Amino acid sequence: MSMADTVLYEVSDGLATITLNRPEAMNALNIETKVALRDAVRSAAADDAVRAVLLTAAGDRAFCVGQDLKEHIGLLAADRETGSGQTMSTVREHYNPIVRALAGAEKPVVAAVNGVAAGAGLGFALAADYRIVADTATFNTSFAGVALTADSGISWTLPRVVGPGRAADLLLFPRSVGAQEAYELGIATRVVPAADLRAEAERTARALAAGPTVAYAALKEAMAYGLTHSLSETLDKEDELQSRAGASEDHAIAVRAFVEKEKPKYLGR
């Protein structure tokens, strides 16, 4: 099923696959694409039948180069004529809901980064829980290069992934970061040969889709909470979340399977 030709959306066996589909434009984000992506990630996050999300892109050159600057320049010119300042509302209307849905989804999100991830493309990858990266992929913050500040959550995610000092370097002096350096910085969770990317990403995402969804959701929530709260508050949050995970059907299934030396078949609830 496709929400728009620019974004493909498919659900099978508990896995929602969302594919940016403008390879001829290096998967740049025009308004149509941003709306379709927002709708797709919100659908995946809200659908209880979806137990994991795979975010990827068509072609082998780019995951997403961020804002479509060809469209953007026309919108800026129209803004200047009308004085409306509408163009930058894309942050509030598109980027923020996309990042909230990816990071806040109560299920794991895997990004398969097949090529250049720049600007908001980097932001979307960083909003995922797990990033499998082709050895040919590169990353670039891009923003300062076009006289803009960070958006798509990057001012929150990047310092947490690479540390504040490295984040400042990457933001103030945008450059192309190769896959190996991205791995060393923590931007890439795993680097695989480009030819194997799709198969590896699907295998990983399908394994997560077949896993204990309630526990994964709690792990996401616990890590996000712990980053902004004290140890004492985080221990209380762990208590609350462990009670939830412990009451899940999947926990009972896992314990039974362990005792009987069988592989657990999780239901995601």
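Q: Which residues of helix H8 are buried?
A: First, this is a predicted model: local features need pLDDT of at least 70, side-chain atom pairs count only at pLDDT 80 or more, and totals for chains, interfaces and linings use all residues. Residues are numbered from 1 along each chain as its sequence is written, and side-chain values use heavy atoms, leaving out hydrogens and water. Buried means under 20% relative accessible area, exposed over 50% and partly exposed in between (1.4 Å probe, protein chains only). In H8 the buried ones are Leu 197, Glu 200, Ala 201, Thr 204, Ala 205, Leu 208 and Ala 209.

Q: What covers those buried residues of H8?
A: Cover here goes by contact, meaning heavy atoms within 4.5 Å. Helices (H or I, at least four residues) and strands (E, at least two) are DSSP runs, numbered from the N terminus. The cover includes strands E3 (15-20), E4 (52-57), E6 (109-113), E8 (130-134) and E11 (190-192), plus helix H9 (213-226).

Q: How far does H8 reach from its first C-alpha to its last?
A: H8 runs over residues 197-209, which is 13 residues. The expected span is 1.5 Å times one less than the number of residues, and that comes to 18 Å for H8. The modelled reach is close to it, at 18 Å.

Q: How many of the residues of helix H4 are buried?
A: H4 covers residues 120-127, with Leu 122, Phe 124 and Leu 126 among its buried residues. The helix is largely enclosed by the rest of the structure, because the buried count is eight of the eight.

Q: Is Asp 13 buried or exposed?
A: Asp 13 sits in the loop between strand E2 (7-12) and E3. Leaving aside neighbours within four places in sequence, it touches Arg 206 and Ala 209, and that Ala 209 is one of the buried residues of H8. Its relative accessibility is 70%, so Asp 13 counts as exposed.

Q: Which residues are in contact with Arg 175, leaving aside its neighbours within four places in sequence?
A: Look in the loop between helix H6 (164-172) and strand E10 (177-178) for Arg 175. It counts as partly exposed, at 32% relative accessibility. Its contacts are Phe 139, Asn 140, Asp 169, Leu 170 and Glu 181.

Q: What is the relative accessible area of Ser 152?
A: Most residues other than glycine have a negative phi. Ser 152 has a positive one of about 55°, and it lies in the loop between strand E9 (138-140) and helix H5 (154-162). Ser 152 is buried, with a relative accessible area of 1%.

Q: Is Lys 261 buried or exposed?
A: Lys 261 also has a positive phi of about 55° although it is not a glycine. You'll find it in the segment after helix H11 (249-259). With 76% relative accessibility, Lys 261 counts as exposed.

Q: What share of the 269 residues in the protein is buried?
A: The C-alpha trace spans about 70 × 45 × 35 Å along its principal axes. Among contacts between residues at least 6 apart in sequence, 67% join residues at least 24 apart. The buried share of the 269 residues is 46%.
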